[in-house]
Amino acid sequence: MLLTICTIFLLQICYVSLITIRMILTVKGYRYVAAVVSCIDIMIYVIGLKLVLDNLDKPINLLVYCLSYGIGILIGIKIEEWLALGFVTVQVTTNGNNADMAAGLRQKGYGVTGWLAEGLEGERFILTIIIARKLQSRLYQDILLADPQAFIVSYEPKYFRGGFLKSKRYRIS
């Protein structure tokens, strides 16, 4: 009985983690990888569900099946964060003309576009940086070192073409 419970638990965690990753892959446009992952996750699902249905006389199996679903989602999200697929657009707003910050970030290998803007309380400098998600936290550290008061917003671009990311210079030091 303990072996059945552990098997259900592990199968369900694997299944739901793979579903979560597959959904994220699909949203980010990795459709062929997502299709392969779906073949694996449905096989695991069928095996796990069969174990539960064959043992419906023991409610603990169904309870473990349900609890491991939630755990699988959390694990899938953690795996996706670790993979850090895709790119993010980071927009930084600083007080005054902070062209030195843009130059410093460029020197570290980031592709930076900057311009002056007008805010409620005066002149602002806006920087836009598109970067691989894996480098996002490092970029935030570099920004906050240059300006601890910087306002930072990030979002995922749906489409981009050309520019700094396609060049051979895209190497973060």
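The paragraphs below go through the helices, a surface patch and the strands of this predicted model. Residues are numbered from 1 along each chain as its sequence is written. Local features need pLDDT of at least 70 and side-chain atom pairs count only at pLDDT 80 or more, while totals for chains, interfaces and linings use all residues; side-chain values use heavy atoms, with hydrogens and water left out.

Helix α3 covers residues 59-83 (helices are DSSP runs of H or I with at least four residues, strands are runs of E with at least two, both numbered from the N terminus). The end C-alpha atoms of α3 are 36 Å apart, which agrees with the 36 Å that its 25 residues should span at 1.5 Å a residue (the expected span is 1.5 Å times one less than the number of residues). Just after α3, Ala 84 has a positive phi of about 45°.

Several residues of α3 are buried, namely Asn 61, Val 64, Tyr 65, Ser 68, Gly 72, Gly 76 and Glu 80 (buried means under 20% relative accessible area, exposed over 50%, partly exposed in between, with a 1.4 Å probe and protein chains only). The buried residues of α3 pack against α1 and α2 (31-54). On the α1 side, Ser 17 lies in that helix and is buried, because its relative accessible area is 6%. Leaving out residues up to four places away in sequence, Ser 17 touches Gly 72, Ile 75 and Gly 76 (contact means heavy atoms within 4.5 Å).

Phe 9, Leu 10, Ile 71, Ile 75, Ile 79 and Trp 82 make a nonpolar surface patch of about 570 Å². Patch residues have over 30% relative accessible area and no salt bridge; like charges are joined within 9 Å, and nonpolar side chains (Val, Leu, Ile, Met, Phe, Trp, Tyr) within 5 Å. A salt bridge is a side-chain nitrogen of Lys or Arg within 4 Å of a carboxyl oxygen of Asp or Glu. Helices α1 (2-27) and α3 each give two or more residues to the patch, and the largest share, four residues, comes from α3. Trp 82, in α3, counts as exposed because its relative accessibility is 69%.

Strand β3 (residues 122-132) has nine of its 11 residues buried, so it is largely enclosed by the rest of the structure. β3 pairs in the antiparallel sense with β1 (residues 87-95) over nine bridges, and with β2 (residues 112-119) over eight bridges, also antiparallel (two strands pair if DSSP finds at least two bridges between them). Thr 93 has Ile 126 of β3 as its bridge partner, and Gly 119 stands opposite Gly 122 in β3. A hairpin of two residues joins β2 to β3.

Definitions and conventions:
Accessible areas come from the Shrake-Rupley method with a 1.4 Å probe; for residues, only the protein chains shown count as cover.
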